[in-house]
Amino acid sequence: MTARKQRGIPLSSLNPKFLHTNSTSHTWPFGAIAELVDNAYDPDVRAKQFWIDWTRIKGLDCLSFMDNGAGMNRAKLHKMLSFGFSDKKSVREHVPVGIYGNGFKSGSMRLGTDAIVFTKTRNSMSIGLLSQSYLQAIKAQQIMVPMVTFRRDEQNQVEDAASFAAILAYSLFSTEKELFSELRAVSAVGPTGTRIIIWNLRTTTSGETEFDFDTDKYDIQIRANATEKTRESWATIPESRYSLRAYCSILYLKPRMQINIRGQRVKTQLISKSLAHIANDNYRPSFLTKRIRITFGFNTKSREHHGIMMYHKNRLIKAYERVSCQRKTERKGVGVIGVIECNFLQPTHNKQDFDDTDKYRKTMHNLSIKLEEYWNEIRYKRKKEDPKCTVPIEDTVKVPDQVWVQCDSCLKWRRLPDGFDCSRLPEKWFCNMNHDPQFRSCMVEEELEDQEEEQKLSTLCDQLKCELEKLKKETDGRGREDIAVGEERRKLKNLRFKVGHLLVSFIPALNLQQVDFNSEVIDKLLDQVLEEVRLTQLKAA
Ligand SMILES: Nc1ncnc2c1ncn2[C@@H]1O[C@H](COP(=O)(O)OP(=O)(O)OP(=O)(O)O)[C@@H](O)[C@H]1O
Ligand SMILES: [Mg+2]
Ligand SMILES: [Zn+2]
């Protein structure tokens with residue numbers, strides 16, 4: 001292609017070699033995949049579902065990533081293919097993972113040399129090519145990103161002619177028909193969305209792809225290299241290091257998006273709720289005014305995999321990071337996992353570590369102290385309960401303290417009765433199957449964690465009290481003959497019913513079966529609870 005023929009193709013001032021250099025920040029390939037997952041998860045895109053697949057196109061191994069999120073118009077797609085543009089904002093409590101404007105580029109170019117993006121919004125469809133092979137073939141001195149945009153009536157813009165020609169010549173798709181069939185794949189999963197295909201995947205020194213697609217046909221695994229010949233010798237390595245399915249199941253502290261790998265849904269794990277002997281602790285770093293919650297517990301699957309699961313804005317940064325007491329020869333804290341969300345630390349560019357700052361070191365030091373305290377306490381308790389027992393706690397069989405299940409429709413987490421046998425769960429589970437009537441609908445908010453629960457409860461009590469008083473005044477102030485009174489009384493009764501329900505969730509021993517909701521019994525109870533809550537708060541302060 002001559003320079004004249006390339007006119008109209010968007011270009012940047014960076015040299016193509018930068019694409020490779022930039023990708024080397026991802027030493028671990030799953031870190032690169034996580035960048036693509038994050039982009040679909042972030043609040044500007046908010047995909048409900050995400051698909052990761054291995055496919056063969058024209059004899060070449062490819063990875064494909066598809067989401068049914070918001071998609072991109074031409075301007076956004078251009079930013080995606082360029083460097084350093086990121087203007088993501090939080091939407092309510094959904095905080096974006098993306099900050100640097102680099103994840104797509106570093107991630108995709110780590111996995112393979114070439115990538116093509118298909119994206120759809122309500123008004124447009126666009127295709128963009130980020131390809132090192134193409135740039136090499138045309139001996140480009142600057143990164144060029146061919147892009148075409150179609151209106152949804154499939155008419156492309158005239159200035160896209162050069163881009164279109166480049167895409168047909170250098171992508172895996174040599175006809176318009178083939179390109180449209182990829183765009184249709186996006187339509188199949190929703191009105192808007194994005195599909196990324198990466199090819200010329202990175203290979204090992206022996207020429208195989210770095211991923212193993214055969215060992216498990218529903219997973220994508222990192223190939224064991226020659227020195228780690230068998231998976232058995234990997235037993236000491238947590239599964240999430242080499243199985244994409246296992247990694248994706250813990251990638252977000254509170255998952256908001258369903259991930260599918262090779263056609264099978266990833267069962268996300270609420271790691272802090274899959275532990276045994278759970279204890280919550282708080283940590284207030286000297287440089288913060290707020291307390292940070294840490295959840296400790298024992299790994300119920302393998303005692304060898306322990307350490308801290310460190311999240312940042314809901315996204316896993318470091319997994320099984322051992323603290324100093326777990327690294328010593330006397331091996332304290334064997335089997336103990338800690339879960340913490342460190343929004344006060346700064347992740348490194350590849351989002352697999354934190355910047356090694358004073359804050360980071362202080363945090364790790366304190367986590368070690370806290371973890372050791374937890375470990376000692378659990379062992380002390382055990383000794384007290386059963387003084388003759390000689391089996392160390394880490395060697396006993398453990399079951400998770402709580403059983404949680406995720407609704408396949410609304411993706412909210414629901415708690416199952418203690419001791420519930422998970423093998424009895426159906427393949428798909430929905431809120432309307434819940435044992436607990438209080439959480440038997442997708443419309444009901446997720447059950448709160450204890451700590452949040454206490455805080456929210458007192459505000460909720462206050463609100464309800466105000467409402468009750470307002471309603472009572474309205475009812476009393478009217479004559480008996482007023483027709484509206486019947487309606488008001490019904491409202492009042494309903495409200496008391498709600499208050500009753502709330503109180504039971506707070507004080508399970510409360511029996512409201514005989515209560516007359518027309519009377520003021522509930523109002524008085526509410527007053528008492530409010531008083532209690534205040535006293536506890538005062539004490540805590
Ligand atoms: N799947 C997607 N759907 C819609 N828009 C996307 C998608 N992937 C990327 N984008 C857009 O492309 C931009 C660039 O993505 P990129 O991952 O390179 O940077 P970022 O997410 O903003 O920051 P970071 O480098 O921290 O990941 C995003 O800001 C977003 O606007
Ligand atoms: Mg990103
Ligand atoms: Zn639901």
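Predicted model: local features only at pLDDT ≥ 70, side-chain atom pairs only at ≥ 80, totals over all residues.

Me: Why is the pair between Asp67 and ligand 1 called a polar contact?
Reply: A polar contact is a pair of N or O atoms within 3.5 Å; within protein, one must be able to donate a hydrogen and the other to accept it, and residues adjacent in sequence count only if both atoms are side-chain atoms. A polar side-chain atom of Asp67 lies 2.9 Å from a nitrogen atom of ligand 1, so the pair qualifies. Lys351 has a polar side-chain atom 2.7 Å from an oxygen atom of the ligand, and Gly103 puts a backbone N or O atom 2.7 Å from an oxygen atom of ligand 1.

Me: How much of ligand 1 does the protein bury?
Reply: Taken alone, ligand 1 exposes 600 Å², and the protein buries 97% of that (Shrake-Rupley areas, 1.4 Å probe; for residues, only the protein chains shown count as cover).

Me: What makes up the shell around ligand 1, by class?
Reply: Seven nonpolar, seven polar and six charged residues. Ala, Val, Leu, Ile, Met, Phe, Trp, Tyr, Cys and Pro count as nonpolar, Asp, Glu, Lys and Arg as charged, and the others, Gly among them, as polar. The largest share, three residues, comes from α4 (helices are DSSP runs of H or I, at least four residues; strands are E, at least two; both are numbered from the N terminus).

Me: How do you know that β12 and β15 pair?
Reply: Two strands pair if DSSP finds at least two bridges between them. Strands β12 (292-298) and β15 (336-341) have five, in the antiparallel sense, so they pass. One of the bridges links Phe298 to Val336 in β15.

Me: What about β3 and β6, how many bridges join them?
Reply: Eight bridges, with the strands running antiparallel; Ala115 has Ile198 in β6 as its bridge partner.

Me: Which strands does α7 lie across?
Reply: Helix α7 (176-187) lies across β2, β3, β4, β5 and β6, at about 60° to β3. Contact means heavy atoms within 4.5 Å; axes are lines fitted to C-alpha atoms, for helices over the stretch in contact, with angles from 0 to 180 degrees between N-to-C directions.

Conventions: Residues numbered from 1 in each chain as written. Chains lettered and ligands numbered in written order. Heavy atoms only, no water.
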